[in-house]
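Visitor: I would like to walk through this model with you, one question at a time. Could you show it to me before we start?

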Amino acid sequence: MWSTTSSSIDVTNFPTAVAPPAPVAAANPACGSTTVSVPAAPGGTIYYWQTVNNGVSTSNDAATPLTVSSSGTYYVAAYETATQCWSTTPSVTVTVGSYT
């Protein structure tokens, strides 16, 4: 806190949230579709599926496995509710084919 009568500044630094473990595909490569999952988040943390590296969307809770039907890289991020900080985003690259 800055004041004209003070000669000091108080700074609070919140570290980033601890990154979740890398997601795991049920089958990789997969035929048609597969699911991607992560273990349950620890208390005070929520895992969210992300569509981009270092994403910060809360639209897709990773408590539910993600069904994927196309090849790509799938990301998960941790959100710490107390600090409102995000983690980096570990990922898994999945290959999905439509073999006939």
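Predicted model: local features only at pLDDT ≥ 70, side-chain atom pairs only at ≥ 80, totals over all residues.

Visitor: How are the ring planes of Tyr79 and Trp86 arranged?
Guide: The ring centres of Tyr79 and Trp86 lie 4.9 Å apart, and their planes meet at 50°. Planes under 30 degrees apart would count as stacked and those over 60 as edge-to-face. The angle of 50° therefore makes the pair of Tyr79 and Trp86 tilted.

Visitor: How many residues apart in sequence are the parts that Tyr48 and Trp86 tie together?
Guide: Here the ring centres are 5.8 Å apart with planes at 50°, so Tyr48 and Trp86 make a tilted pair. Tyr48 sits in strand E4 (residues 45-50), while Trp86 belongs to strand E7 (residues 85-86). The pair therefore links parts whose separation in sequence is 38 residues.

Visitor: Which residues form the aromatic cluster?
Guide: The structure has 2 aromatic pairs. Trp86 pairs with Tyr48, and Trp86 also pairs with Tyr79. The one cluster is made of Tyr48, Tyr79 and Trp86.

Visitor: Which strands are at the edges of the open sheet?
Guide: The sheet has 3 strands in the order E1-E3-E5, with antiparallel pairing. An edge strand here pairs on one side only. The edges are strand E1 (24-25) and strand E5 (66-68).

Key. Residues numbered from 1 in each chain as written. Heavy atoms only, no water. Pairing = 2+ DSSP bridges. Helix = DSSP H or I, 4+ residues; strand = E, 2+ residues; numbered from the N terminus. Phe/Tyr/Trp six-rings, centres within 6.5 Å; stacked < 30°, edge-to-face > 60°.
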